[in-house]
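Trainee: I am new to this structure. Please show me how to read its main features.

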Amino acid sequence: MAATATAPVVIPRPHDGTAARVLRFVARAPVHVVLVVLGLLWLVPTFGLFITSILPQSELASHGWWVIFSKPSVATWSNYNAMFHNSGLTTALKTTAEIAVGNTLIVIVIGALAGYAFAWLDFPGRDWLFIGVIGLLVVPLQMALIPMFKLYDTFGLFDTALGIILFHAAFGLPFAIFLLRNFFAGLPKDILESARIDGASEVRIFLRLILPLGLPAIASLGIFQFLWTWNDLIVALTFGQTVQPITVWIFGQLREFGTSIDVIAPASFISLVIPLAVFFAFQRYFVQGLLAGSVK
Amino acid sequence: MEPPVQAAPPPSAQPRRFGRYASGALFLAPALFVLAVWIVYPAIYTIVRSFFGQQGYIGTWVGIDNYKRLFTTHTLLIAIRNNAIWVAVVPALVTAFGLIFAVLTERVRWSVAFKTVVFLPMAISAFATGVTWRIMYQQDPSLGAINALGRSIHDAFSPPGVLSSATPSTANVAPDHGGLVLKTPLHPGGVALIGLTGIPPTDLPSGAKQAVTPPPKGGDIVGTVWRDFKPGGGVPGKVEQGELGIPGVTVQLQQNGRTVQSTKTNAAGAFDFSGLKPGTYQAGVGASTFAQAWGGYAWLGPSLIIPSLLIAYIWIWAGFAMVVIAAGLSAMPRDVLEAARTDGASEWQVFRRVTVPLLWPVISVVFVTMIINVLKVFDIVLALAPESVQADANVIALAMWRTAFSGVNDFGTGSAIAVFLFLLVIPVLALNIKRFKAEAS
């Protein structure tokens with residue numbers, strides 16, 4: 001594309017004197033101001049949630065969270081202290097982690113196997129099958145709730161972490177296969193060819209070549225799956241009863257929003273700290289996965 | 001720009017070929033099993049189920065009754081209408097925000113910081129976002145940040161009265177057009193005493209001093225507005241020791257129903273109308289003194305819940321649109337932009353005529369993705385809308401869940417709603433497949 005590039009256009013630029021630099025900065029000041037304001041606007045809700053979570057109920061009954069600016073001394077960790085002594089919440093956190101990690105592993109393993117098959121194995125109907133998988137990408141999970149409710153009831157998977165994990169895995173798989181197949185298909189062909197000529201089995205190629213080379217895509221996928229299951233509400237709400245991840249646990253407190261704000265706010269903040277940490281640690285992979293999933 | 005789909009090279013020997021097919025099947029088996037059991041089978045079941053009775057796992061054949069119910073039940077129609085609003089508003093706004101942010105951040109050095117901040121809500125669950133915004137939206141302006149901001153703006157234009165809860169202390173002071181008026185006619189040289197009660201001590205403006213009955217002044221009408229109450233009671237209508245004047249009250253002097261003069265009381269609650277012509281006057285307290293403080297908008301009430309939800313949702317997804325569009329922007333040929341600029345195009349023209357058309361494929365992907373997301377919206381409504389307005393905030397995905405899983409397990413109608421939702425996203429599915437085929441060829 002755009003290979004018609006003519007000789008690069010040289011824009012005459014003022015010499016980078018201090019005056020010129022100041023001038024340029026002033027010319028762009030409105031952009032800076034707008035972006036700073038927008039950035040603050042985007043931060044306020046999360047910041048407000050955090051501050052709310054460290055204020056005692058007595059303050060929150062009559063003041064908004066910004067009371068912290070006039071009375072910083074009212075801040076307290078006691079809400080969090082209470083949270084970590086609340087067995088309901090700690091159990092919910094464990095359940096959430098179990099579901100999120102379990103689902104992530106399952107989707108990575110099954111998705112990578114299928115992605116490799118679609119990218120590098122030759123068998124009849126391969127492309128049609130792949131198109132079918134892409135078709136499943138948009139099936140709303142509401143289409144499966146009622147039948148699986150029945151099936152889980154029959155097979156004893158209702159109200160188990162495994163049932164919730166497998167449901168997530170199924171609806172995560174189409175995207176996983178799509179993402180990994182595209183990435184694997186882009187790996188250098190000659191490496192695989194020579195491995196095959198050397199007589200390496202497909203399993204060996206998959207384990208020794210595809211998985212290590214595909215790590216960036218697997219990382220993106222893993223983060224997506226982790227965040228997706230960690231943040232889920234509807235699946236766990238439908239298939240769990242005593243098995244409650246943190247979103248469902250908080251949902252149970254929502255009815256008394258005003259009076260249990262000192263529980264809801266810290267619990268909500270705890271629920272979003274881990275996704276945020278994951279996001280900050282692996283931001284690059286997250287964005288890559290996002291782009292692979294949408295732009296292609 | 002991925003390499004075209006490449007089949008493995010022609011196999012050399014027959015056993016190898018068989019082995020490859022077998023391993024293809026083995027590699028695919030787990031995925032196909034999970035997809036078949038958890039998506040394909042239930043999807044078919046749901047479609048079939050939607051033509052059967054409401055209760056139980058299968059019930060009796062009812063034809064299209066469930067679909068009829070979907071389009072005739074008031075609560076379900078509201079859900080469909082709401083989803084229509086979502087689709088009409090959110091994808092366009094999210095894409096617009098994303099485009100604006102992406103173009104603006106191109107011009108600053110600290111774009112990474114900005115992008116991180118705007119993108120951050122993407123990592124948070126829609127549910128936690130609902131809780132977060134519910135705190136922002138609280139109606140009482142001293143609790144909800146948005147109404148607190150609204151109040152400071154509101155107060156700048158029409159400040160609340162000094163006394164919003166006061167009532168007259170004697171029958172001699174009567175309500176009048178939202179304010180109070182002293183019934184006794186006054187003449188220049190007279191004294192007007194306007195006693196008020198029902199004022200909590202904390203409501204008294206700070207700096208209030210002991211009230212005094214001002215001495216009469218020739219040609220003037222003087223008087224006092226004071227808190228006619230002291231611990232133990234006191235005598236109504238009489239200024240006594242321990243009773244404070246009320247500063248800052250707007251006092252009006254009327255003649256024949258027309259306001260001729262207006263003044264404010266001092267720290268002791270005293271006022272003085274001077275330079276009066278002989279005649280009969282009436283003194284009173286203006287309505288603005290009693291103006292109620294602004295109560296805030298009911299963001300979580302039935303009439304504003306939809307916009308509130310949309311704002312919170314756009315807050316989540318603007319970062320997604322920004323990141324995707326920014327990636328498209330950075331892949332754009334720079335020389336085209338520079339050429340347009342050297343040809344004398346203004347920044348706006350470059351944006352309209354070059355940037356946007358070149359970015360169109362990316363923009364349309366964001367737009368389409370957002371349509372699907374918005375059709376499936378669920379958690380945020382459950383978290384943000386209080387119980388009492390859930391019916392007004394209902395959306396299709398939530399209606400499906402409520403119908404099937406809360407209270408009566410109406411699986412028939414629930415299946416019909418799910419199928420309806422599926423039908424809405426099918427055009428997008430067709431689009432996806434078309435895109436993949438175009439890529440593969």
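**Reading the model**

Mentor: The contact draws 88 residues from chain A and 92 residues from chain B, where contact means C-beta atoms, placed from the backbone, within 7 Å. This is a predicted model: local features need pLDDT of at least 70, side-chain atom pairs count only at pLDDT 80 or more, and totals for chains, interfaces and linings use all residues. Residues are numbered from 1 along each chain as its sequence is written, while chains are lettered from A and ligands numbered from 1 in written order.

Trainee: Which helix gives the most to the side of chain A that touches chain B?

Mentor: Helix 1 (residues 18-53) of chain A, with 14 residues. Helices here are DSSP runs (H or I, at least four residues; strands are E, at least two), numbered from the N terminus.

Trainee: How do I read two packed helices?

Mentor: Packed helices are described by the angle between their axes and the distance between the axes. Helix 5 (residues 87-120) and helix 11 (residues 215-230) of chain A pack at about 145°, with axes 8 Å apart. Axes are lines fitted to C-alpha atoms, for helices over the stretch in contact; angles run from 0 to 180 degrees between N-to-C directions.

Trainee: And a sheet?

Mentor: Strands pair through backbone hydrogen bonds, either parallel or antiparallel. In chain B, 5 strands form an open antiparallel sheet, ordered 2-3-9-6-7; pairing needs at least two DSSP bridges. Strand 2 (173-176) and strand 7 (258-264) of chain B each have a single partner strand, so one side of each lacks a neighbour in the sheet. Strand 6 (residues 250-255) and strand 7 of chain B pair over 6 bridges.

Key:
Contact = placed C-beta atoms within 7 Å.
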